Amino acid sequence: MKVVFGFGMGVDSAAILVEWLDNPDSRTFDLKDLIVVIAQTGDEWLETGWLIEMFIFPLLRAHGIRTIQVARASNSQRDGIVILDDTTQPTTCYIQGAYRLSDENFEVATVPQTGGIRKCSLKAKGWSLDTLIADITGGEPFVHVIGFEVNELGRMMRDMPLGLPGRIPAYPLTGWGWDRDFCEQLLWKKFQVKWIKSACVQCPYALASTAGLARTLPRYVASPYEAFKPLTMEYLSVAANPRQGLIGGRQLYDALLDVEGGPELLAEFQEHLNCMPWAIYDVRRAFRAKADDMMKPANAARSMTRIATGDRADIVGLLDYMANHHLPPGARYEIGRHQRVWLHERNIYYPCPEQAFVTGPALAIDKTNKTFAEAWEEALKGPSQLSFV
Ligand code: SF4
C-alpha cells in the first residue's frame with residue numbers, strides 16, 4: 001500500500017522524515033512505498049527553501065524517495081494543479097509555486113484572514129494535495145501521514161474523518177509522544193541548525209501571538225525583500241478598507257514602527273512603493289442589515305475598479321487635485337498614510353453604502369460581486385443616507 005507523506009517543510013514533518021530514514025524500526029513500511037508530497041503556496045520564506053534543499057532533499061535523494069511538489073494553477077479549481085517536480089532525486093524546492101496565495105490577495109486587495117477555518121491553507125495546500133493524491137493513488141486505499149505533534153491532538157481528531165475515500169490517516173509524532181521542542185532538538189542534533197517554522201511570509205497566524213510577533217518581526221527587519229510582500233499586501237488592503245491589517249485588524253506597519261530596525265525598514269518600504277505603478281480605485285461596499293437589528297451589518301457586497309493609473313506622485317497628485325477642486329458636498333478628504341476621498345461613509349444604521357476613491361499600488365483587478373448592483377441600490381435607500389446629507 002502506498003504511504004503518502006504530506007511534508008509541510010516545518011519542524012514536525014522534517015523530524016518525521018529524519019527519524020524514518022535514520023531509524024528503520026520507527027516505520028512499518030518499505031521506503032519504496034513512500035511518496036513525499038509538498039504543496040507550495042508560492043509565499044514561503046526563502047530560508048525554508050534553503051533548509052529543504054540543504055538538508056532534506058539530500059536524504060530523499062540518497063534513499064531514492066519519490067518526491068512531488070505541487071501548486072494551484074490559478075484561483076479557479078477548474079484550472080487544476082501544476083506539478084512543479086516529480087522525482088526521486090529532488091534538488092530544487094520550488095517555493096515560488098505557480099499561482100501564489102499572494103497573487104490572489106493582491107488581486108482582491110485583501111490579506112489572509114484569521115478566525116474560523118484557515119481558508120487560505122485549505123485552498124492553497126489542502127485542495128492541491130487532495131487533487132494530487134487522488135491522481136497518484138487512483139482510488140486505491142493509502143496511508144496518509146500527517147505531522148501533528150503530541151500537543152495537537154485536537155487537530156488530529158478533527159483531521160481523522162476528513163479526506164479522500166480509502167484514506168487511512170496516520171500521525172507518527174503523536175504515537176511517538178514527540179512535541180515540537182523534541183523535534184527541534186532532533187533536527188539540531190542532526191544538522192546543527194535551528195529549524196524555522198514553515199509559513200507564508202504574510203501569514204497572519206504567525207503574527208497572532210506575542211511570541212509569534214517576537215519571532216517574526218525581526219525576520220522582516222533582517223530580510224526587507226521578503227518583508228515588502230506582506231507590507232505591500234497590507235498597504236493595499238488597508239487602502240481599500242481601513243479596518244484591515246495583518247495582526248487581527250492591527251497593522252504590521254504599526255508593529256514595525258516599535259521594533260529595532262523597523263523604522264528603517266519602513267523607509268525602504270516607502271521607496272519600494274515609489275517604484276511601483278499606482279492606481280486610484282473606486283471602492284464601494286453595500287452593507288446589508290442584520291435580519292433583526294438595523295444597527296448591525298450583515299454581509300457586504302463590494303465593487304472595486306481602477307479609475308486612473310500612473311506613478312505614485314501622479315496618482316496622489318491627481319486625487320489631491322480632485323479633492324481640492326471637485327469635492328462633492330458632504331464628501332471628506334483624508335490625508336495620511338493613505339489618501340482617500342470618502343463619498344459615502346458607513347453610519348450606524350444599515351443597510352448603508354460606503355464609497356471612497358483611494359490610492360494604492362496598481363495590483364488589484366477590477367472586481368464586482370455578483371450581488372453588488374442590487375445590494376448597492378438597497379444601500380443607497382437605507383437610513384444612513386438621512387444622516388449623510
Ligand atoms: S501559512 Fe498562513 S497564510 Fe499561508 S496558507 Fe497557511 S495559514 Fe494561510
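Trainee: Which residues form the negative surface patch?

Mentor: This is a predicted model, where local features need pLDDT of at least 70, side-chain atom pairs count only at pLDDT 80 or more, and totals for chains, interfaces and linings use all residues. Residues are numbered from 1 along each chain as its sequence is written, and side-chain values use heavy atoms, with hydrogens and water left out. The negative patch here is made of Glu-260, Glu-264, Glu-268 and Glu-271.

Trainee: What is the relative accessible area of Glu-268?

Mentor: Glu-268 sits in helix H11, residues 262–274 (a DSSP run of H or I, at least four residues). Buried means under 20%, exposed over 50% and partly exposed in between, with a 1.4 Å probe and protein chains only. Glu-268 is partly exposed, because its relative accessible area is 41%.

Trainee: Which side chain of opposite charge is nearest to Asp-85?

Mentor: Asp-85 belongs to strand S4, residues 81–87 (a DSSP run of E, at least two residues). Asp-85 is buried yet has no salt bridge. At 8.9 Å, the nearest side chain of opposite charge is Arg-61.

Trainee: What percentage of the 389 residues of the protein chain count as buried?

Mentor: The chain has 14 helices and 12 strands. Its C-alpha trace spans about 75 × 45 × 35 Å along the principal axes. Of its 389 residues, the share that counts as buried is 51%.

Technical notes
Patches are made of residues with over 30% relative accessible area and no salt bridge: like charges are joined within 9 Å, nonpolar side chains (Val, Leu, Ile, Met, Phe, Trp, Tyr) within 5 Å. Accessible areas come from the Shrake-Rupley method with a 1.4 Å probe; for residues, only the protein chains shown count as cover. A salt bridge is a side-chain nitrogen of Lys or Arg within 4 Å of a carboxyl oxygen of Asp or Glu. Lys and Arg count as positive and Asp and Glu as negative; His and the chain ends are not counted. The place of a charge is taken as NZ of Lys, CZ of Arg, CG of Asp or CD of Glu.
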